[in-house]
Every structure is written in C-alpha cells, then in structure tokens.
Amino acid sequence: MKLKVSAAWQGLGWRSPYAAALAIVLLLWAGPVLAHAVTLGDKGYIQEITGVKLIPFLYLGAKHMVTGYDHLLFLFGVIFFLYGMKQIGTYVSLFALGHSTTMLVGVYFNFGINSYIIDAIIGFSVVYKAMDNLGAFPRWFGVQPSTKAATLIFGFLHGFGLASKIIDYNISPDGLVPNLLAFNVGVEIGQLIALALILIFMNRWRATPAFARQAYAANVVMMAMGFYLMGFQLIGLAMA
C-alpha cells in the first residue's frame with residue numbers, strides 16, 4: 001500500500017490517541033539528537049576492558065539499538081505498510097543482514113566513515129523511506145525503485161554508522177571478534193524488542209478507521225524528521 005503525495009490534508013484525524021502518540025514519539029526522537037552516540041559511561045567501559053566480554057557487549061549492542069532513534073525511525077518506515085509476518089521478516093532480515101555485515105567488517109578492518117557524513121546519510125534513508133511510503137517516486141520520477149534492494153543498501157549504510165562509532169572508542173583488539181559478534185547479537189535482540197513494540201502500536205493504530213488519513217501525515221512528519229537529522233549532521237560537519 002502506497003499513499004498518494006497529492007492526498008488532501010483534510011480530516012487527518014490527529015485527535016486519535018494513536019496518531020497523537022506517534023507525533024509525540026517522533027518529536028522526542030528528534031530532540032535528544034546526541035542520544036544515539038555511545039554514552040560517556042559506556043565509552044569509558046569500552047576503552048578500558050580487554051579480553052572476551054560477551055555479556056557486556058551483548059548488553060551494549062541491545063542498548064545501542066533501542067536508543068538508536070535513527071535506525072528505529074527507518075525500521076518504522078520499512079514496516080509501515082507491511083502486514084504479513086513473512087513480509088516483515090523478509091525486510092527486517094535484509095536490514096539486519098546489511099547493517100550486521102558492514103558493522104562487523106568495518107570494525108574488524110578499521111574502516112569507518114566520518115560520523116557526520118554517515119549520520120546525514122542515515123537521515124536521508126528516513127527521508128527516502130517516507131517518500132517511498134508516500135508513493136512519490138513513480139509520481140515524480142516515473143519509476144519505483146526496488147524496496148528490498150533499498151532496504152539492504154540502507155542496511156549496509158546504517159552498519160557503517162555503527163562501525164564508525166565503535167571505532168571512535170578504540171575497542172581493544174584482545175577478544176575483538178567474539179566481542180563484536182556479541183555486540184551484533186545484542187543489536188539484533190534490541191531490534192527485535194523495538195520491532196515488537198512498534199508492531200503492537202501499529203496493529204492497534206491500523207485497526208482505527210482514521211488510519212488511512214493519518215498515515216499520510218505520519219509519513220510527512222517522518223520525512224521532516226529525516227531532513228532535520230540530515231541538516232543537524234551537515235551543520236555539525238561544517239562546524240567541525
């Protein structure tokens with residue numbers, strides 16, 4: 001299901017508790033922009049420990065994904081119009097494959113991308129997905145890009161964002177591989193927890209009569225959040 005960009009704003013029905021809750025969550029996501037970075041306490045822990053520490057890195061991975069508003073915002077956009085669990089599983093698996101691959105390879109080979117640049121690209125991925133949900137590409141450009149390919153490609157880019165942040169904290173080479181694998185498993189656990197909460201919310205919201213009208217506005221807000229994230233990072237890059 002795609003929404004028409006020319007859809008009227010009339011009767012968006014933001015009085016619905018589900019739509020209002022979504023608007024509040026999106027605004028809160030955009031507020032603490034620095035929350036996506038590793039906290040000072042976690043940074044100190046990562047820099048100081050050596051050897052295999054599976055449980056701590058499992059926890060850090062899960063925590064990073066649950067608080068990674070940009071990753072979750074993109075994931076929210078991906079599943080916005082997916083109803084079947086098989087469909088959802090396919091797209092979430094593509095996203096997980098993408099970000100797991102580049103996160104592991106990036107850290108292992110010490111290859112990262114400037115944090116401002118990669119986070120701006122991640123912000124763009126949110127804009128892209130919102131435009132896709134609005135049906136903008138066939139209307140504006142006469143072509144519909146593959147949604148599965150886009151999900152995988154942006155998964156790769158999101159993974160570079162994770163890798164860049166881990167590299168910044170000089171993780172010890174002692175126990176690097178098992179610790180990275182534990183961190184990645186934690187990321188996937190965090191993603192599944194977040195996905196479960198998103199699906200509970202979406203299922204309740206979709207059951208309301210106003211969902212079709214509110215969905216248009218929700219994706220416009222999501223696009224605005226993506227532009228905000230892009231602008232914030234590009235300004236940071238210019239001032240760095």
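Tutor: Apart from neighbours within four places in sequence, G98 is in contact (heavy atoms within 4.5 Å) with L152, G155 and F156. This is a predicted model, in which local features need pLDDT of at least 70 and side-chain atom pairs count only at pLDDT 80 or more, while totals for chains, interfaces and linings use all residues. Residues are numbered from 1 along each chain as its sequence is written, and side-chain values use heavy atoms, with hydrogens and water left out.

G98 belongs to helix α5 (residues 85-108); helices are DSSP runs of H or I with at least four residues, numbered from the N terminus. With a relative accessibility of 0%, G98 is buried, where buried means under 20% relative accessible area, exposed over 50% and partly exposed in between, using a 1.4 Å probe and protein chains only.

Turning to the rings, the whole structure holds 18 aromatic pairs, counted when the centres of Phe, Tyr or Trp rings (for Trp, the six-membered ring) lie within 6.5 Å, with planes under 30 degrees apart called stacked, over 60 edge-to-face and the rest tilted. One of them joins Y128 and F137, a tilted pair at 4.8 Å centre to centre with 35 degrees between the planes, and both residues are buried. Ring pairs also link Y128 and F137 into a cluster with F74, F95, F124, W140, F141 and F154.

Conventions. Helices (H or I, at least four residues) and strands (E, at least two) are DSSP runs, numbered from the N terminus.
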